[in-house]
Amino acid sequence: MQVGATKVFLRSNAYEILERLRVEILGKSAVFIQAGVRRFNAVKRYHKIRVSILLLQTMGRVIIAKQLLRKKREHKASVIVQAFSRCLLARSSFLKIKYVALWCQKYQRGK
């Protein structure tokens, strides 16, 4: 090896050894950079999929909640209709009995 003012002169075997080390380090560095990029892309894809899944789950829960609410409202409405129809039936029956009672009282009093 000879050192000049601006350059370093190497023998061929020393140059080959240094070149082999340089190529090896470059290869390892390239693999390290590729792994980092793959990891970044995988994490990015994972987060995108996770957000999509959470959105789908939320939408599913909303749909189920709306269906449950609709069923509860329908049930409440049907209970109100049933109560009203029973009320009408009871009133009709009461009015018939009242009419018969009044008719009997009127007949007995002779009016």
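The model is predicted: local features need pLDDT of at least 70, side-chain atom pairs count only at pLDDT 80 or more, and totals for chains, interfaces and linings use all residues. Residues are numbered from 1 along each chain as its sequence is written, and side-chain values use heavy atoms, with hydrogens and water left out.

**Fold**

The protein has one helix and two strands, in the order β-β-α from the N terminus. Helices (H or I, at least four residues) and strands (E, at least two) are DSSP runs, numbered from the N terminus. Helix α1 covers residues 12–109. Its 98 residues reach 143 Å from the first C-alpha to the last, close to the expected 146 Å; that expected span is 1.5 Å times one less than the number of residues. Gly110 follows α1 and has a positive phi, near 85°.

The C-alpha trace spans about 150 × 20 × 10 Å along its principal axes. The radius of gyration is 46 Å, whereas a compact globule of 111 residues would have one near 13 Å. This radius is taken over C-alpha atoms, and the globule rule is 2.2 Å times the number of residues to the power 0.38.

**Surface and charge**

Buried residues make up 0% of the 111 residues. Here buried means under 20% relative accessible area, exposed over 50%, and partly exposed in between (1.4 Å probe, protein chains only). The protein exposes about 11100 Å², of which carbon and sulfur atoms supply 66%. Areas come from the Shrake-Rupley method with a 1.4 Å probe.

There are 25 positive and 4 negative side chains. Lys and Arg count as positive, Asp and Glu as negative; His and the chain ends are not counted.

**The aromatic pair**

Rings of Phe, Tyr and Trp (its six-membered ring) pair if their centres lie within 6.5 Å; planes under 30 degrees apart count as stacked, over 60 as edge-to-face and the rest as tilted. The count is one aromatic pair. Trp103 and Tyr107 are stacked, at 5.6 Å centre to centre and 10° between the planes. Both lie in α1, four residues apart, so about one helical turn separates Trp103 from Tyr107.

| Residue | Relative accessible area and class |
|---|---|
| Trp103 | 48%, partly exposed |
| Tyr107 | 65%, exposed |

Key. Charge placed at Lys NZ, Arg CZ, Asp CG, Glu CD.
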